[in-house]
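I opened the model to take notes on its sheet, its helices and its annotated positions. My entries follow in the order I looked things up.

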Amino acid sequence: MLNILIVGNGQCGNRILDAINREAFGKKSRFGKYLSQQKYKSNVQTIAINTAVNDLKEMKFTKAKDRIHIPHLHGVGANRNVGKHVFEDNKTHIMRQIEERGNFDVSFVITSASGGTGSSFTPMLVKELKEKHDFPVYVVVVLPFREEGTLYLQNAAFCLRDIRESGADGIILADNQFLKQMGGNVESAYNGINDMVAKRLLFLMDALDSEMMMVTDLGDFKTVMSGGAGLATIGFYEAETDMPVRTAIQKAVSPSGLLFSSDVYDEASRAMIIIRGDRERLSIDEISTEVEKLSSSVGHVFKGIIVRDGELPQVLAVLTLESAAELENLYSIAVDAIKYERAKKDRVTNDKEVDRAFSQIDGMDPSY
Ligand code: GDP
């Protein structure tokens with residue numbers, strides 16, 4: 001049985017964590033039986049951390065004892081420098097909360113890259129965890145919509161770099177911009193994206209702790225995640241009624257299945273494909289052919305098969321990337337955003353006009 005820690009930092013991290021808990025404990029959930037009080041396979045501990053108490057209150061499926069409020073007025077206002085100070089001041093308290101829950105085999109920290117709290121807490125938390133423990137720490141990072149503004153873009157660029165330098169064992173990318181076709185308004189897009197991330201992480205945890213027909217385990221996952229440039233993404237697809245398993249595999253690694261825009265045949269460096277479903281529906285020939293196709297361009301592909309009676313085939317693909325064209329695009333927009341903010345700051349500092357206006361009333365008092 002694996003001991004798994006999942007931390008959700010900031011609003012986005014909290015919400016995705018709540019979506020995981022909803023799937024895990026929800027009445028209709030098929031994951032419920034693995035994670036519910038009596039029967040869960042893994043020992044999963046979830047912790048939500050935030051400076052904004054309202055974000056924590058909004059959570060519906062995460063126990064109150066698992067929601068840690070770090071008081072700082074009303075959040076850190078997308079300012080990562082403020083966020084870093086707040087983390088430093090509360091580090092002992094945060095680490096104690098985590099350590100009280102025992103030791104872990106693996107951990108996942110979920111955050112957006114672009115806000116204030118999650119983006120500043122996460123790299124510092126990872127660093128602390130890596131210094132004090134030897135379990136791997138994987139960070140699930142949500143990238144912003146590109147039109148969300150210059151502060152978010154520059155935060156995303158610096159946050160990702162900080163996470164890479166924090167000692168994290170791997171970064172799993174999910175991109176709001178890429179996933180926004182989930183449709184509807186922003187709120188329903190968020191919910192759709194959060195559900196996608198939650199479902200993939202739960203499938204992964206289930207797979208790492210399952211008796212499989214063909215085995216992949218935490219060791220294989222670690223090997224996959226250590227490949228490439230430290231970046232990864234996850235694909236998933238659930239077959240429709242008559243869909244052959246090979247089509248489900250193809251769809252899981254195609255853009256419609258991924259959390260981040262990538263041509264995996266070109267950019268992936270290692271992969272792990274896990275197929276779950278009824279034995280009748282899992283043609284070993286088809287699975288082998290598809291996996292061989294992927295490994296001929298990717299290199300090494302670990303393959304796992306989990307038999308679940310009566311289930312339609314579902315495919316999870318963890319892919320580490322050795323290059324990421326979309327990330328380069330994001331950084332070039334972020335550089336413009338950083339320059340724009342710097343120029344604006346210089347203008348304000350150099351601009352004496354407002355001071356001149358105020359100076360006109362120097363030495364005067366209002367008369368009533
Ligand atoms: P923090 O609370 O200060 O860490 O800030 P947020 O987590 O709200 O970070 C803002 C970024 O997260 C923006 O890019 C938002 O688009 C994104 N975001 C906020 N909430 C959600 C959510 O529930 N789901 C997703 N996918 N993205 C979110």
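Is Ala78 buried, partly exposed or exposed? I counted 18 other C-beta atoms within 10 Å, so Ala78 is partly exposed. The scale I used: buried means 20 or more other C-beta atoms within 10 Å of the residue's own, exposed means 12 or fewer, partly exposed lies in between, and C-beta atoms are placed from the backbone.

Ground rules next. This is a predicted model, where local features need pLDDT of at least 70, side-chain atom pairs count only at pLDDT 80 or more, and totals for chains, interfaces and linings use all residues. Residues are numbered from 1 along each chain as its sequence is written.

**Entry: Ala78 and the annotated glycines**

I placed Ala78 in the loop between strand E3 (67-69) and helix H4 (80-99). Helices (H or I, at least four residues) and strands (E, at least two) are DSSP runs, numbered from the N terminus. I checked the backbone of Ala78: phi is near 60°, a positive value in a residue other than glycine.

Gly116 sits in the loop between strand E4 (106-112) and H5. It has 27 C-beta neighbours inside 10 Å, so Gly116 counts as buried. Leaving out residues up to four places away in sequence, Gly116 touches Gly75, Val76, Gly77, Ala78, Asn79, Arg80, Val82 and Gly83. Contact here means C-beta atoms, placed from the backbone, within 7 Å.

Gly118 is in helix H5. With 32 C-beta neighbours inside 10 Å, Gly118 is buried as well. Beyond residues up to four places away in sequence, Gly118 touches Asn9, Gly10, Cys12, Gly13, Thr111 and Ser112.

**Entry: H5 against H6**

How do helix H5 (residues 117-132) and helix H6 (residues 150-165) cross? Their axes come within 9 Å and cross at roughly 5°. The two helices are therefore roughly parallel to each other. Angles under 35 degrees count as roughly parallel, over 145 as roughly antiparallel, 65 to 115 as roughly perpendicular and the rest as oblique. Axes are lines fitted to C-alpha atoms, for helices over the stretch in contact, and angles run from 0 to 180 degrees between N-to-C directions.

I listed the contact residues. Ser119, Thr122, Pro123 and Val126 in H5 meet Asn155, Cys159, Asp162 and Ile163 in H6. By class they are four nonpolar, three polar and one charged. Ala, Val, Leu, Ile, Met, Phe, Trp, Tyr, Cys and Pro count as nonpolar, Asp, Glu, Lys and Arg as charged, and the others, Gly among them, as polar.

**Entry: the sheet**

I traced an open sheet of 10 strands with mixed pairing, in the order E3-E2-E1-E4-E5-E6-E7-E10-E8-E9. E3 and strand E9 (300-307) stand at the edges, each with a single partner strand, so one side of each has no neighbour in the sheet. The twist averages 20° from one strand to the next. Two strands pair if DSSP finds at least two bridges between them.

I started with strand E1 (residues 3-9). E1 and E4 are parallel over five bridges, with Ile6 opposite Phe108 in E4. Seven bridges join E1 to E2, also in parallel, and there the partner of Ile6 is Thr46. E2 and E3 run parallel over three bridges, and Ile49 stands opposite Ile68 in E3. Six of the eight residues of E2 are buried. H4 lies across E1, strand E2 (43-50) and E3, at about 160° to E2.

I moved on to strand E10 (residues 314-321). All eight of its eight residues are buried, so E10 is largely enclosed by the rest of the structure. Gln314, Leu316, Val318 and Thr320 are buried on one side, and Val315, Ala317, Leu319 and Leu321 on the other. Strand E7 (residues 231-238) pairs with E10 in the antiparallel sense over eight bridges, and Ile234 stands opposite Val318. Strand E8 (residues 268-277) also runs antiparallel to E10, joined by eight bridges, with Arg270 opposite Thr320.

**Entry: H10**

What covers helix H10 (residues 245-252)? Six of its eight residues are buried: Val245, Arg246, Ala248, Ile249, Lys251 and Ala252. Their cover includes E7, E8, helix H12 (284-298) and E10.

Technical notes:
Contact = placed C-beta atoms within 7 Å.
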